[in-house]
Amino acid sequence: MALIVQKYGGTSVGSPERIKNVAKRVARFKDAGHQLVVVVSAMSGETNRLIALAKEIQSSPDPRELDVLASTGEQVTIALLSMALQELGYKAKSYTGGQVRVHTDNAFTKARIEHIDTERMRADLDNDTILIVAGFQGMDPEGNITTLGRGGSDTSGVALAAALQADECQIYTDVDGVYTTDPRIVPEARRLDTITFEEMLELASQGSKILQIRSVEFAGKYKVKLRVLSSFLDEPGAGTLITFEEEDNMEKPVISGIAFNRDEAKITVRGVPDKPGIAYQILGPVAEANVDVDMIIQNISTDGTTDFSFTTHRNDFARAKQILEDSLSHIGGASVTGSSDIAKVSIVGIGMKSHAGVASTMFRALAEEGINIQIITTSEIKISVGIDEKYMELAVRVLHKAFELDKEPTPLA
Ligand code: ADP
Ligand code: ASP
Ligand code: MG
């Protein structure tokens with residue numbers, strides 16, 4: 001007997017029919033003698049609908065009230081799935097995040113899970129009951145409802161698996177595993193049998209929405225056995241397993257996957273004096289306004305002045321630009337310019353650590369398509385470029401081809 005946590009995403013519970021199918025799958029695992037905790041998302045489109053409703057009332061909705069509203073999507077699906085299981089003759093009980101004591105901080109709309117009490121869940125499991133838990137939500141120290149950020153049900157699933165020391169956390173979604181890139185953009189993308197934790201973390205942090213980044217962080221911290229599988233296939237196979245072992249890098253392909261993110265914006269402060277402290281003068285006020293900065297570039301100065309560019313989330317573009325315009329005379333710059341339609345495309349692979357020439361292959365492939373790179377950042381296992389958003393899909397396809405990700409990798413000598 002194993003304790004298994006399963007998470008089903010929005011598309012997988014998108015209609016009563018699909019909820020009944022999920023119930024059948026859960027029942028099969030129960031019949032095999034396992035204990036089950038099932039985490040569900042809201043029906044697909046529901047969270048967007050709720051947020052849009054809020055915006056019809058308040059142009060920037062009060063975060064506490066927004067969480068009260070957004071968390072209702074998951075409250076619908078837990079009850080429906082529990083009913084579907086009862087109809088099949090199983091003992092099932094639904095719980096909201098607060099009810100199973102998913103304790104979070106009080107950062108409404110992007111709360112972090114701090115602790116989960118497992119006693120109540122254990123009692124139900126020992127009583128042969130299937131637990132259905134609302135993803136994406138918890139409660140803060142004052143008992144307020146909080147939500148965990150978009151895609152947060154993945155994190156609920158993995159965090160519950162960690163707290164319960166489950167044998168496995170299975171993330172069921174509308175694709176049958178983690179692919180070399182989003183198969184909606186590149187139909188030739190290939191499913192990976194395994195991906196290392198480091199690579200998955202990097203892909204998630206660079207925008208791949210197959211797993212929310214915090215779920216991957218939890219899996220790493222608590223060594224949760226994490227697998228991504230299809231909820232649509234009767235026989236989902238083994239999907240993709242996130243691995244933690246140190247593998248032999250020589251056996252790995254140089255690039256494992258490509259992630260992209262369309263939500264970036266770029267701001268350039270022109271003609272700033274090239275002197276110590278200038279980066280701080282520019283980014284200090286931006287950070288104080290809680291605007292996260294992603295990629296940064298500073299040009300070599302010619303006449304003692306330089307241009308300084310950085311990217312930020314598109315939603316923060318107008319605010320960040322205004323802050324810099326207000327402090328321009330203090331910084332001593334000439335002007336602030338920017339564009340809010342930047343996309344970031346990142347290639348990720350552990351094999352990069354031990355192989356040269358990856359960047360040049362990337363840059364050549366983009367150059368051959370006439371795609372201008374505006375900004376570059378690298379880490380040990382990734383290279384990201386900021387480009388005009390209109391070339392994003394082309395860039396992903398071209399890079400997928402250039403690194404031959406559609407083909408089974410041959411071990412590198
Ligand atoms: P869920 O509602 O089940 O949480 P999501 O829509 O959040 O599902 O995530 C699944 C989607 O992630 C897929 O339909 C796919 O379009 C997208 N995706 C992005 N990158 C990848 C990737 N590398 N491998 C597989 N799917 C990916
Ligand atoms: N329903 C939430 C969202 O749409 C959480 C999730 O699906 O993971 O973001
Ligand atoms: Mg998701």
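Visitor: Hi! Where is the place of S82?
Guide: Welcome! In this predicted model, S82 sits in helix 4.

Visitor: Is S82 buried or exposed?
Guide: S82 counts as buried, because its relative accessibility is 5% and the cut-off for buried is under 20%.

Visitor: And which residues is S82 in contact with, leaving aside its neighbours within four places in sequence?
Guide: With those neighbours set aside, S82 touches A92, K93, S94 and I132.

Visitor: Back to helix 4. How do the axes of helix 1 and helix 4 cross?
Guide: Helix 1 covers residues 16-31 and helix 4 covers residues 72-87; their axes come within 9 Å and cross at roughly 60 degrees. That angle makes helix 1 oblique to helix 4.

Visitor: Let's switch to strands. In which sense do strand 13 and strand 16 pair?
Guide: They pair in the antiparallel sense, over eleven bridges, with strand 13 at residues 257-273 and strand 16 at residues 335-348.

Visitor: What stands opposite A259 in strand 16?
Guide: That would be S346, which faces A259 from strand 16.

Visitor: How many bridges join strand 16 to strand 18?
Guide: Seven bridges link strand 16 with strand 18 (residues 382-388), and the two run antiparallel. As an example to look up, V345 stands opposite V385 in strand 18.

Visitor: New topic: what about the phi of R101?
Guide: R101 has a positive phi of about 60 degrees, although R101 is not a glycine. You can find R101 in the loop between strand 3 (92-95) and strand 4 (102-104).

Visitor: Is R101 buried, exposed or partly exposed?
Guide: R101 counts as partly exposed, because its relative accessibility is 36%.

Visitor: And N290, what is its phi near?
Guide: For N290, phi is near 65 degrees, again a positive value in a residue other than glycine.

Visitor: Where does N290 lie?
Guide: N290 is in the loop between helix 9 (278-288) and strand 14 (293-298). N290 has a relative accessible area of 66%, so N290 is exposed, the cut-off for exposed being over 50%.

Technical notes. Residues numbered from 1 in each chain as written. Chains lettered and ligands numbered in written order. Predicted model: local features only at pLDDT ≥ 70, side-chain atom pairs only at ≥ 80, totals over all residues. Heavy atoms only, no water. Helix = DSSP H or I, 4+ residues; strand = E, 2+ residues; numbered from the N terminus. Buried < 20%, exposed > 50% of the residue type's maximum accessible area, 1.4 Å probe, protein only. Axes fitted to C-alpha atoms, helices over the stretch in contact; angles between N-to-C directions. Parallel < 35°, antiparallel > 145°, perpendicular 65-115°, else oblique. Pairing = 2+ DSSP bridges. Contact = heavy atoms within 4.5 Å.
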